[in-house]
Amino acid sequence: MTIAWTIRGASSEDFAEIRRLFLECRLDVPSELPMEPADHVHLIVLDAPEGGLAGAALLILEPHKGQVALLAVDLRYQGLGIEERLIGVSEALSEALGVHNFEVASVCLRHY
């Protein structure tokens, strides 16, 4: 059986779930997350097959650098390559918007 994963830009309905992912990872979450894409900030999410979110990444674009500032993957979906997919989409978006230097600052993979 193949699972259909959807990666998309976040919407306001995702806010609570994104916050949960980042807070469970003990990441320093900004008080406001960008729910609408801006020129320099994008919030990318991956839908979980059962509903909710499997992961989220906060991409910040500066004139000469794209950076995944926060990335979190739900424990239930770790080991499935989700972090690589979110990083890959973030890097591709950065390149598409003309920012060719890319780095990942903070990734949370919870281990219990």
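Student: OK, where does aspartate 47 sit?
Tutor: Aspartate 47 is in strand β2, residues 41-47. Strands here are DSSP runs of E, at least two residues, and helices are runs of H or I, at least four, numbered from the N terminus. Before we go on: this is a predicted model, where local features need pLDDT of at least 70, side-chain atom pairs count only at pLDDT 80 or more, and totals for chains, interfaces and linings use all residues. Residues are numbered from 1 along each chain as its sequence is written, and side-chain values use heavy atoms, with hydrogens and water left out.

Student: Is aspartate 47 buried or exposed?
Tutor: Buried, because its relative accessible area is 18% and the cut-off for buried is under 20% (exposed is over 50%, partly exposed in between, with a 1.4 Å probe and protein chains only).

Student: What does its side chain pair with?
Tutor: The side chain of arginine 8, through a polar contact of 2.8 Å. That term means a pair of N or O atoms within 3.5 Å; within protein, one must be able to donate a hydrogen and the other to accept it, and residues adjacent in sequence count only if both atoms are side-chain atoms.

Student: And which residues does aspartate 47 contact beyond four places in sequence?
Tutor: Trp5, Thr6, Arg8, Gly52, Leu53 and Ala54. Contact means heavy atoms within 4.5 Å.

Student: Which residue stands opposite aspartate 47?
Tutor: Threonine 6 does. Strand β1, residues 6-9, pairs with β2 in the antiparallel sense over four bridges; two strands pair if DSSP finds at least two bridges between them.

Student: What about β2 and β3, how many bridges there?
Tutor: Seven, and those two strands run antiparallel as well. Valine 41 stands opposite isoleucine 60 in β3. β2 and β3 form a hairpin with five residues between them, and glycine 51 in the turn has a positive phi of about 105 degrees.

Student: How many of the residues in β2 are buried?
Tutor: Seven of its seven. Both faces are covered, with Val41, Leu43, Val45 and Asp47 on one side and His42, Ile44 and Leu46 on the other.

Student: Switching to the core. Which residues touch the most other members in the largest one?
Tutor: Ile18, Phe22, Leu43, Val45, Ala56 and Leu58, out of 14 residues in that nonpolar core. The elements giving two or more residues to this core are α1 (15-24), β2, β3 (53-62) and β4 (65-73). Apart from it lies another core, of 12 residues, among them Trp5, Ala48, Val73 and Leu86. A nonpolar core is a set of buried Ala, Val, Leu, Ile, Met, Phe, Trp, Tyr and Cys residues joined through side-chain atoms within 4.5 Å.

Student: What does alanine 56 touch, leaving out residues up to four places away?
Tutor: Its partners include Ile18, Leu21, Phe22, Ile44 and Leu86.

Student: Now isoleucine 87, where is that?
Tutor: In helix α2, residues 82-96. Its C-alpha atom is separated by 9.9 Å from that of alanine 56, 31 residues apart along the chain. Isoleucine 87 counts as partly exposed because its relative accessible area is 21%. Leaving aside neighbours within four places, isoleucine 87 contacts Leu71, Phe102 and Val104.
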